[in-house]
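Please read this briefing alongside the sequence and the 3D view. It goes from the overall layout to the packing inside.

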Amino acid sequence: MRTRLVALVAAAAVTATLGLAGCSSTDSAPAVQGPGVAASAPASPERVDAASFATVVDSPGVTIIDVRTPEEYAAGHIEGAVNYNVQGPDFEAQVGTLDPTATYAVYCQSGNRSQVAVNRMSDAGVNGIYELETGITGWANAGYPIVQ
């Protein structure tokens, strides 16, 4: 009888653990199903790796923002990106023209300036942002294309 009770308790524990695991997620991939599927804007800015960022930038309706200097942008950028220099005097004005309900993909050289840009964008009410955590350096190292 005691062995059967221990077996039932163990089975219940395993079932509960599996049930809870099915409800949780540690996946940080953006809410995109594949190429051509619109990326849904995250409720708050989300830092993602190069593979997830590639999925986002391939989604229709996403605005790609390169926050490096114009010289860095001219030397090579992600195709379709617009240049909003986070260190420039007109960055806030540029951010002020953004639709706060849209989806944005933001990157810099290594992931440092983009954090500053994303914070300033969030302060201005823009939160649907995917940020490339490794910058364009990580993008290129992962084998994704850069255009001039």
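Predicted model: local features only at pLDDT ≥ 70, side-chain atom pairs only at ≥ 80, totals over all residues.

Residues are numbered from 1 along each chain as its sequence is written, and side-chain values use heavy atoms, with hydrogens and water left out. The protein has six helices and five strands, where helices (H or I, at least four residues) and strands (E, at least two) are DSSP runs numbered from the N terminus. Helix α2 is largely enclosed by the rest of the structure, because six of its eight residues are buried.

**Overall layout**

- From the N terminus on, the elements follow the order α-β-α-β-α-β-α-β-α-β-α.
- Of the 148 residues in the protein, 37% are buried; buried means under 20% relative accessible area, exposed over 50%, and partly exposed in between (1.4 Å probe, protein chains only).
- The accessible surface of the protein comes to about 8,200 Å², and carbon and sulfur atoms account for 57% of that surface; such areas come from the Shrake-Rupley method with a 1.4 Å probe, and for residues only the protein chains shown count as cover.
- Among contacts between residues at least 6 apart in sequence, 63% join residues at least 24 apart; a contact means heavy atoms within 4.5 Å.

**The sheet**

- Five strands form an open sheet in the order β1-β5-β4-β2-β3, with parallel pairing; two strands pair if DSSP finds at least two bridges between them.
- At the edges stand β1 and β3 (82-83), each with a single partner strand, so one side of each has no neighbour in the sheet.
- Strands β4 and β5 pair in the parallel sense over three bridges, and Ala105 has Tyr130 in β5 as a bridge partner.
- Strands β2 and β4 pair in the parallel sense over four bridges, and the bridge partner of Ile64 in β4 is Ala105.
- Strands β2 and β3 pair in the parallel sense over two bridges, with Val82 in β3 as the bridge partner of Ile65.
- Tyr130, in strand β5, is buried with a relative accessible area of 1%.
- Between Tyr130 and Val106 there are 24 residues of separation in sequence and 6.2 Å in space, C-alpha to C-alpha.
- Helix α5 (residues 113-123) lies across β1, β2, β4 and β5 and runs at about 170° to β5; axes are lines fitted to C-alpha atoms, for helices over the stretch in contact, and angles run from 0 to 180 degrees between N-to-C directions.

**Helix α2**

- The buried residues of α2 (residues 50-57) are Ala50, Ser52, Phe53, Ala54, Val56 and Val57.
- These buried residues pack against β1 (46-48), β2 (63-66), β4 (104-107), β5 (129-132) and α6 (135-141).

**Aromatic pairs**

- The whole structure holds three aromatic pairs; rings of Phe, Tyr and Trp (its six-membered ring) pair if their centres lie within 6.5 Å, and planes under 30 degrees apart count as stacked, over 60 as edge-to-face and the rest as tilted.
- Phe53 and Tyr107 form an edge-to-face pair, at 6.3 Å centre to centre and 80° between the planes.
- This pair links distant parts of the chain, with Phe53 in helix α2 and Tyr107 in strand β4, 54 residues apart.
- Phe53 is buried at a relative accessible area of 0%, and Tyr107 is buried at 0%.
- Phe53 and Trp139 have ring centres 6.0 Å apart and planes at 85°, so this pair is edge-to-face.
- Phe53 in helix α2 and Trp139 in helix α6 are 86 residues apart, and their pair links distant parts of the chain.
- Ring pairs link Phe53, Tyr107, Trp139 and Tyr144 into a cluster.

**Nonpolar cores**

- The largest nonpolar core has 17 residues, and Phe53, Ile64, Ile78, Ala105, Tyr107 and Trp139 touch the most other members; such a core is a set of buried Ala, Val, Leu, Ile, Met, Phe, Trp, Tyr and Cys residues joined through side-chain atoms within 4.5 Å.
- At least two residues of this core come from each of α2, β4, β5 and α6, and α2 supplies the largest share, five residues.
- Apart from this core lies another, of 16 residues, among them Val106, Ala117, Val118 and Met121.
- Trp139 counts as buried at 4% relative accessibility.
- Not counting residues up to four places away in sequence, Trp139 touches residues including Ala50, Ala54, Val57 and Ile78.
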